[in-house]
Amino acid sequence: MNQIGITTWVWAAPLSNEELPGIARHVAELGFDLLEIPIEHTADLDYARAAEALRANGLAASVCAVMSPDRDLIHPDEQIRSNGAAYVRHCIDAAHALGARSVIGPLYSAVGRLWQPTADERERDAELLVSQLRALAGYAGDRGVALCVEPLNRFETSFMNLAEQGIAIVDRVGHPSCGLLLDTFHMNIEERSISDAIRAAGSRLRHLHACENDRGTPGTGHVPWQEVAGACRAIGYDGPIVIETFTDRVKTMARAVAIWRPLAPSPDFLAREGLRYLRELFG
């Protein structure tokens, strides 16, 4: 049975040691199974304390990597690539400490870095990424963690926008600890058929972000949710389904993801109604 989760970004950014226990308790009281924890700065959280808060509230966890300009696995600057790999290893160690089974996100390039590569340059970057991910997947696998690579929409990256591009990279990595994350918000922009993309991902799909077309409450927009659920059932997907959205009240994060208005009457409304809808949809 799918675990239904939500990101802490609905309430806070960056997450702190002081905020996490209250958010974990609140998320559990709302009825979620899993809390997704972004790591914006590597010194923000005491992972032992965070793990205790998760256990106390019966919550599973996943870790979201935040790929900033100095964290980029395919950047031309070798120092930035090295820093990106070190950051992903930190996220893997954090996941292990938290008892989380996955590190998710655009594990290739900084969000917002856009460039127009030639075919040869794209292949060069793909080869570089495959080499990086293969090593990182080995590191993750030794710690019981899986990497879940996420395609983003064209306004956030020019490297990986489609499920088929993610599938190609995951297949070339060829490691059991490297899979795919698909996000309905990004797929709604890029895919000709969301259900076909999910079916093509098949067993590679290890994590699903359930986000409305406006990044608001699932079930309130025009994402074809019945098709999403049907495709997930068709491939036997039993992994996490996580609401990833952001409050406009946290101005730094709202600016980063271009949220200029409230997406719901309140963060709790979004969480509560999104959870209710996803429980009904996925059973």
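In the predicted model, Y108 and F159 are both buried. The two residues form a tilted aromatic pair, with a centre-to-centre distance of 5.6 Å and an angle of 40 degrees between the planes. Y108 is located in the loop between β4 (102–105) and α4 (119–141), and F159 in the loop between β5 (146–149) and α5 (163–173), so the pair ties together parts of the chain that are 51 residues apart in sequence. Together with W115, Y108 and F159 make up one aromatic cluster.

The structure contains three aromatic pairs. One of them is formed by W225 and Y277 in an edge-to-face arrangement, at 6.2 Å centre to centre and with 70 degrees between the planes. This pair links distant parts of the chain, as W225 belongs to helix α8 (residues 225–234) and Y277 to helix α10 (residues 267–282), 52 residues apart. W225 has a relative accessibility of 4% and therefore counts as buried. A further contact between a charge and a ring involves R71, whose charged end sits over the ring of Y87 at 3.9 Å from its centre.

With regard to the overall fold, eight strands close into a barrel in the order β1-β2-β3-β4-β5-β6-β7-β8, with parallel pairing. From one strand to the next, the twist averages 30 degrees. Strand β1 (residues 4–7) and strand β8 (residues 241–243) run parallel and are joined by three bridges. Within this pairing, I4 has I241 of β8 as its bridge partner. Helix α7 (residues 194–201) lies across β6 (178–183) and β7 (205–209), and runs at about 170 degrees to β6.

The largest nonpolar core comprises 93 residues, among which L133 and L147 have the most contacts inside the core. Helix α3 (residues 78–98) makes the greatest contribution, giving eight residues to this core. When neighbours within four places in sequence are left aside, the contacts of L133 are L73, L107, L147, V149, I169, V173 and C178.

Several local features occur in loops. In the loop between β1 and α1 (20–30) lies N17, which counts as buried because its relative accessibility is 16%, below the 20% limit applied for burial. Beyond residues up to four places away in sequence, N17 touches D44, L45, D46 and R49. The C-alpha atoms of N17 and R49 are separated by 7.7 Å, although these residues are 32 residues apart along the chain. The loop between β1 and α1 also holds P14, and the peptide bond from A13 to P14 is cis, with omega near -10 degrees.

In the loop between β7 and α8, R215 adopts a positive phi of about 70 degrees despite not being a glycine. R215 has a relative accessible area of 5% and is therefore buried.

Note on methods
Residues are numbered from 1 along each chain as its sequence is written. This is a predicted model: local features need pLDDT of at least 70, side-chain atom pairs count only at pLDDT 80 or more; totals for chains, interfaces and linings use all residues. Side-chain values use heavy atoms; hydrogens and water are left out. A nonpolar core is a set of buried Ala, Val, Leu, Ile, Met, Phe, Trp, Tyr and Cys residues joined through side-chain atoms within 4.5 Å. Buried means under 20% relative accessible area, exposed over 50%, partly exposed in between (1.4 Å probe, protein chains only). Helices (H or I, at least four residues) and strands (E, at least two) are DSSP runs, numbered from the N terminus. Contact means heavy atoms within 4.5 Å. Rings of Phe, Tyr and Trp (its six-membered ring) pair if their centres lie within 6.5 Å; planes under 30 degrees apart count as stacked, over 60 as edge-to-face and the rest as tilted. A charge sits over a ring if NZ of Lys or CZ of Arg is within 6 Å of the ring centre and within 35 degrees of the ring normal. Two strands pair if DSSP finds at least two bridges between them. Axes are lines fitted to C-alpha atoms, for helices over the stretch in contact, and angles run from 0 to 180 degrees between N-to-C directions.
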